[in-house]
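Trainee: Could you walk me through how to read a structure like this one? I would like to begin with a single residue and then step back to the whole chain.

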Amino acid sequence: MATPLVVSEVAKSFTMHLRDGVRLPVVANVSFSVKSGECVVLGGPSGVGKSSILKMLYGNYGVDEGQILMEHDGRLVNLADAEPRTVLEVRRTTLGYVSQFLRVVPRVSALDIVAEPLHARGVASEEARERAAELLAKLNLPKELWALPPATFSGGEQQRVNIARGFIIDHRILLLDEPTASLDAKNRAVVVGMIAEKKAQGTALVGIFHDAEVRDAVADRIIDVSEFSPRKHAA
Amino acid sequence: MSAVPLLKVKDVSKFYGSRIGCRNVSFELYPGEVLAVVGESGSGKTTLLSCLSTRLMPSSGMIEYHMRDGLYRDLAHMGEAERRFLMRTDWGFVHQNPAEGLRMTVSAGANVGERLMAVGDRHYGNIRATAGDWLRRVEIEEDRIDDQPRAFSGGMRQRLQIARNLVTAPRLVFMDEPTGGLDVSVQARLLDLVRGLVHDLGLAAIIVTHDLAVARLLSHRMMVMKDGAVIEQGLTDRVLDDPREPYTQLLVSSILQV
Amino acid sequence: MHALEEYGLMHVKLYEDIARNGHIATTYAYPVKVEGRYVMDPSPTPKFDNPKMHMSEALQLFGAGREKRIYAVPPYTEVVSLDFEDHPFEIQKFDKPCALCGAESVYLDEVVLDDKGGRMFVCSDTDHCEDRQAHGHAGPMLARPKPESQEAAE
């Protein structure tokens, strides 16, 4: 299938029970699709729901309405209503996500954090670590940091660990939430190169990039998320 | 991932007289899956754990376990001897207080070795070597093998209890507030250890905790309990990042951010 | 414990013995498995006599009043002492027969004769020993008119 991701009429709102049940509509009627080898960038002013869409695509935000269809293991999965174990299975092999911040696990070294997704797929520890080392080297993370848990790393260093972890597996679909936000120009260029490689391999990418230079370098298409504003939709 | 559930729980309720322990709890647990049951004290999570682990008989409902022979057995219809055998071979139970799960006046090596002997291991050298190996895996110096857990710190005792439970390669482990009585720094070490072991051994686990950070770190899926009922369940990061029920929102918003 | 077949602790005791002493140092109240199913502790019999319980033609009764426990082993029943493959059950070996009655394959007590290292081994079961002596059996130290040995024998 040349279109591994199809989003159809997705709507999301938050009901804040601690604030008298006030309902905050976030997005409505979100519909788009992403082809293999394509990088779609979610654009629009901040607060418009770009991150929320990405989180729904990954399954860590619930979906009120609509479908998120992904091709996984030869079948079509609707992530919007999939069982938790199906979501986990899709994440293990098909769907990757590079978040803005690294969730640090106590005591686990940077190298092992990066290697873990490969390991979870059954790749031997040594091989997974070698591949992790290649990626960290490519992202210019000083070698003396590899064996340390990233809790004390700088924002930019943590972000590079996060990127390496997200890129280590050849997912069919990869979600990127501001992966270059805290990187210097040199490492931004490395990430742009890595995204280009993923596209060449046929990965479907959806990303949020505030940096216009990076965005222009990677985007095949920019979707204006304000088109999905619930107010606009209601009107 | 295996296609059939290890545990099938259907409409399990437990009443203490007219008081509700837990009611109408249903879920399935698959091999390798870690389920966190969260809620405040009195929410019914411990009652549920007791019912699941056959320490309490549910008032109604059914719990079926997928035995190694490939058949499902209704736990309520198993004989006591058979249940106990299951408990000390294919299951593990990690208590909040390690003194409840350990023999405090027997050496660390024998604490780990006991389960091996219970399943018929009769080679002292092998039992001792396996026990030593497990002490190393839970980060206890091997030269402490002949010391009694009385001489161990709280964190070490808890790690020993984990080794004792995992040595027979169980398929399902119940944990009741496994980090409950420990200092924060010791908790982190234990969590990381449990996380690694669960992953490496492909264990299924049901972890009862009131600590959402523990649930976040260890579990794939979580159930939130209140007044004896499951009020919200789903993928752990979904429940924590996008809680829907008023009570879950309250719980999540009550976490101290560091 | 018996209904649930939970005997792990019995082996734990033997494990602890080896861990502490390098061998199973339990010499009495040594646990046995009866008919491949029930584990019991045949105290106060010394472990030396454990093998004699196996397929014994006698009905054997063991009682422990304080523990409110009684065991009955029917005649011709399989009784096997618990052990480990690499630390098999062994009974004490005595080089010589009983010094007083000459009995072999019985459990002997060590009796210290003086403070110069003199000692002898005599039947632990003194009734049995005197009975044998009365029937004319004699060990190497019985007839000798050595004063210290007679003292010790009395």
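Mentor: Happy to! Keep in mind that this is a predicted model. Let's begin with a polar contact: a polar atom of the side chain of A:S99 lies 2.6 Å from the backbone oxygen of A:F101.

Trainee: Where is A:S99 found in chain A?

Mentor: Look at the loop that runs between β6 (95-98) and α3 (110-120); A:S99 is in that loop.

Trainee: Is A:S99 buried or exposed?

Mentor: The cut-off for buried is under 20% relative accessible area. A:S99 has 18% relative accessibility, so A:S99 counts as buried.

Trainee: Which residues is A:S99 in contact with, leaving aside its neighbours within four places in sequence?

Mentor: Those contacts are with A:Q159, A:N162 and A:D177.

Trainee: Now for the whole chain. What does the secondary structure of chain A come to?

Mentor: You can trace eight helices and nine strands. As for the overall fold, the radius of gyration is 18 Å, close to the 18 Å from the globule rule for 235 residues, so chain A is as compact as a globular protein of that length.

Trainee: How many of the contacts in chain A with a separation of 6 or more join residues 24 or more positions apart?

Mentor: Such pairs account for 69% of them. On burial, 53% of the 235 residues in chain A are buried.

Key:
Residues are numbered from 1 along each chain as its sequence is written. Chains are lettered from A and ligands numbered from 1 in the order in which they are written. This is a predicted model: local features need pLDDT of at least 70, side-chain atom pairs count only at pLDDT 80 or more; totals for chains, interfaces and linings use all residues. Side-chain values use heavy atoms; hydrogens and water are left out. Helices (H or I, at least four residues) and strands (E, at least two) are DSSP runs, numbered from the N terminus. The radius of gyration is taken over C-alpha atoms; the globule rule is 2.2 Å times the number of residues to the power 0.38. Buried means under 20% relative accessible area, exposed over 50%, partly exposed in between (1.4 Å probe, protein chains only). Contact means heavy atoms within 4.5 Å. A polar contact is a pair of N or O atoms within 3.5 Å; within protein, one must be able to donate a hydrogen and the other to accept it, and residues adjacent in sequence count only if both atoms are side-chain atoms.
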